[in-house]
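Let's take a short walk through one part of this protein. Keep the viewer open as you read.

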Amino acid sequence: MSSVDLVSEGKKERLVIRGGEPLKGVLTAQGAKNAALPIMASALLLRGGRLTIERVPDLQDIHTMMDLLDHLGVKVEMKDHRMTLDVPEEISWETPASLVRKMRASSLVLGPLVARCGRAVLPLPGGCAIGSRPIDFHVKGLAKMGTSFELVQGAFHGRTSGLKPARIYLDFPSVGATENLMMAASLVEGETILENAAREPEVVNLAETLRAMGVEIEGEGSGTIKIRGAKELKDAHVSVIPDRIEASTYLLAGVITGGKVTVRQIVPEHIEALCSKLEEAGISVEIKGDDVTVYPSGRYRGVSLKTLPYPGFPTDLQPQIMAAMCLAEGTSVIHESVFESRFLHVSEFKRMGAQVDLQGNTAIVTGVSKLVGAEVHASDLRAGAALVLMGLAAEDETVVCDLEHIWRGYEGIVEKLRALGGKVIVTRGE
Ligand code: UD1
């Protein structure tokens, strides 16, 4: 049974971990959630057509996007990680608050809808545990392309009589804004230029998809992306890149428990920031083709880092590396520069014996020689993953609550950890 199958309404699920054993073994990375979501949204650009996507991870967030696209009129099917999206000539442009509130990445349909339908209604995605997360860059960019926006009853209503090409400078290299604007520009004849664009591998994966649909696009992976769209796009068949955050989380499971873990079928270049920090900490990292192995030996050293847009150290890995640094020798200074409040895991870490001092957006972690089990709560997806890592390393039993966050991003996490020798079970209670 997969972890997602274990979700049952009204029953609170908990992950019970018996820690202290080194994890050892080999596993394969899932397809990247954050690449699959925008690629799915890009199907909306087809006026009657089919997008086929390979290596789609079977996750809660993917199902939320499937429901959203289904609501808009797209026929979505998924089997064995292959997804087909059949898009009719006519689609709806109004997104329901119930789905948008569930997942911030729902805002990725805004650009495609405005470009395709000339209008869109998107309820404000709202804040989340890691900060307020506005979508002002998305809206400003689309406005520059000729969309007018009105806020009515907590929802953005966008309208255009036809998007035009534009030169758009993003105040921050926002991943979602870059993706939304790339998709909107894909149906616009003429050249749109995005400056200070996000350089994440997931943005490159979206560019490859748009190119397969017939869009001329260059510069993806750099700070300047040029898009020449077309009125009609064609069917495409694409594949999702490996999930660098999921893969890194399992490598860190090896590190924190002192075991040798190999993650297969990833793009090692995508996790260079992590590998270089691990080497700095004294951990051996071996790269063979698409496989990466960590070989911890004894206690590793604390390292300092700052989260940054790609190719900098990913914010989505900050809680997990902090977990590992809790057991390092010496002090680590971890500065979060992408999100305003992404340290909710710290209070839970402390319950397990970690020594972390928070000063604004900086965490000073003093390594301890052991962690102890406790009942802890996942405040968001990556915080949840980090607590699982802590539990795997801690003495005796750890119980992680609020697992719904973890199901959003890690397919089969229970099975994968068990395959590495982790003693983990899911229990359900009231
Ligand atoms: C994506 C990822 C998320 C990751 C984040 C940063 C997906 C589905 N999610 O989120 O896992 O943590 O990139 O790597 O791909 N901002 C604004 N105004 C905007 C947009 C963003 O102020 O209009 C701010 C955000 O509040 C945040 C920063 O910019 O502080 C980065 O956000 P962004 O890169 O847009 O993240 P997402 O695309 O939401």
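## Strand β10 and its partners

Arginine 167 sits opposite isoleucine 193 in β10. On the way from β9 to β10 the chain passes through helix α6 (residues 175-185), and this β-α-β crossover is right-handed, meaning that, with the strands pointing away from the viewer, the path from the first strand over the helix to the second runs clockwise. Strand β9 (residues 167-169) and β10 run parallel, joined by three bridges. Two strands count as paired if DSSP finds at least two bridges between them.

On to β12 (residues 224-228): five bridges join this strand to β10, and the two run antiparallel. Here glutamate 191 faces arginine 228 of β12. Because four of the five residues of β10 (residues 191-195) are buried, the strand is largely enclosed by the rest of the structure. Buried means under 20% relative accessible area (1.4 Å probe, protein chains only).

## Glycine 111

Helix α4 (residues 110-117) contains glycine 111. Helices (H or I, at least four residues) and strands (E, at least two) are DSSP runs, numbered from the N terminus. Glycine 111 is buried, with a relative accessible area of 0%.

Which residues does glycine 111 touch, not counting those up to four places away in sequence? They are Leu142, Asn180 and Ala184, with contact meaning heavy atoms within 4.5 Å.

## About the model

This is a predicted model, in which local features need pLDDT of at least 70, side-chain atom pairs count only at pLDDT 80 or more, and totals for chains, interfaces and linings use all residues. Residues are numbered from 1 along each chain as its sequence is written, and side-chain values use heavy atoms, leaving out hydrogens and water.

Terms used. Buried < 20%, exposed > 50% of the residue type's maximum accessible area, 1.4 Å probe, protein only.
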